[in-house]
Amino acid sequence: MGGENPRGNFRGYPGWGGEFWRTPVGALIAANVAVYIFSFFADGLFGAGSVYSVFELSLENIAFPWTVLTYAFLHANFIHLFLNMVGLYFFGIPLEGRLGAKKFLLVYFAGALASALLWLLSARFFSAVPSGLIGASGAVMAVFACFCATAPNRPLAFLLFFILPVSVKPFTIFKITLAFEALSCLVFEILGENQSGIAYSAHLGGLISGYILAKIYLGKPFSFRKKKEEKVGWQTPTSFKINIENPDDLRDRVDKILDKISSRGFSSLTPEERETLRRARDKI
């Protein structure tokens with residue numbers, strides 16, 4: 001699975017060298033690992049749960065305002081940390097390549113904040129919600145949702161049961177995940193008794209915030225009518241082909257169109273030529 005850079009062409013995942021750790025994804029992974037190691041030694045020095053008592057999110061800790069973000073850097077165990085960092089790596093790298101560092105970080109931390117707020121709301125009214133919230137799952141869910149919404153038709157290949165190759169569109173995965181988390185939140189947190197310790201409401205908050213930010217990012221350059229057309233276009237194979245067309249061919253067509261504008265004016269352009277200019281503008 002490859003990522004996209006801000007100009008729209010694909011690139012592969014970076015290695016684990018020094019360049020990777022200077023990316024937003026690399027820095028976030030490093031921070032989460034460092035906090036996990038610190039909390040491990042802090043438990044030995046100051047007693048079990050010493051770090052969580054100050055930095056996890058709970059109804060009791062809401063008096064500590066920093067907990068609405070610091071909880072996202074705490075993890076219950078190595079498996080919890082590992083799964084979140086794997087998701088952050090595989091979905092974060094292509095998303096950061098497409099949006100840029102600042103927008104990517106906004107998606108991540110907005111997801112953490114939205115997860116915290118929805119979880120607090122759920123914990124306030126439903127007793128089945130776990131007593132405390134830790135983990136980057138909500139932030140990673142936001143990254144996942146934003147990735148799926150900004151590249152909805154780009155196929156992702158998986159090995160089902162590590163044997164059968166399956167290709168699925170990202171937006172299909174997003175819809176399945178959203179339905180699962182919403183149903184789990186309803187059954188285990190609102191109507192039932194949550195014995196798993198999984199904060200489904202936090203996951204749901206991350207998914208919703210990531211999707212909303214994706215729609216905002218996709219809609220910024222367009223009017224209401226254009227946004228509607230863009231939304232339809234992302235769902236069609238034709239639009240997907242445009243996204244992966246040869247940059248040199250597009251550049252040649254743009255040069256010819258600019259020459260035509262210089263000699264005959266903008267009004268002389270055909271609808272197809274204007275569409276070509278719009279696509280070229282989107283890739284800049």
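Start with the contacts of the whole protein chain. Among those between residues at least 6 apart in sequence, 64% join residues at least 24 apart. Contact here means heavy atoms within 4.5 Å. The model is predicted, so local features need pLDDT of at least 70 and side-chain atom pairs count only at pLDDT 80 or more, while totals for chains, interfaces and linings use all residues. Residues are numbered from 1 along each chain as its sequence is written, and side-chain values use heavy atoms, with hydrogens and water left out.

Now colour by secondary structure. The protein chain has 13 helices and four strands. These are DSSP runs numbered from the N terminus: helices are H or I with at least four residues, strands are E with at least two. Of the 284 residues in the protein chain, 43% are buried. Buried means under 20% relative accessible area, exposed over 50%, and partly exposed in between (1.4 Å probe, protein chains only).

**Stop 1: Ser-39**

Select helix α2, residues 24–46; Ser-39 is found there. Ser-39 is buried, with a relative accessible area of 3%. Show its side chain. A polar atom of that side chain lies 2.8 Å from the backbone oxygen of Tyr-36. Then pick Gly-49, 10 residues from Ser-39 along the chain: the two C-alpha atoms are separated by 8.3 Å.

**Stop 2: α5 against α7**

Select α5 (residues 78–99) and α7 (residues 137–150). The two helices pack at an angle of about 35°, with their axes 9 Å apart. Axes are lines fitted to C-alpha atoms, for helices over the stretch in contact, and angles run from 0 to 180 degrees between N-to-C directions. Show side chains at the contact. On α5, the residues include His-80, Leu-88, Phe-91 and Arg-98; on α7, they include Val-140, Phe-144, Cys-146 and Phe-147. By class, this contact has 10 nonpolar, six polar and one charged residues. Ala, Val, Leu, Ile, Met, Phe, Trp, Tyr, Cys and Pro count as nonpolar, Asp, Glu, Lys and Arg as charged, and the others, Gly among them, as polar.

**Stop 3: the cysteines**

Stay on α7 and select Cys-146, one of the residues that meet α5. Cys-146 is buried, with a relative accessible area of 0%. Now search the whole structure for disulfides: there are zero. A disulfide is a pair of cysteine sulfur atoms within 2.5 Å. For Cys-146, the nearest cysteine sulfur is that of Cys-148, 9.5 Å away. Finish at Cys-185, which is buried, with a relative accessible area of 8%.

How values were computed:
Polar contact = N/O pair within 3.5 Å; in protein donor to acceptor, adjacent residues only side chain to side chain.
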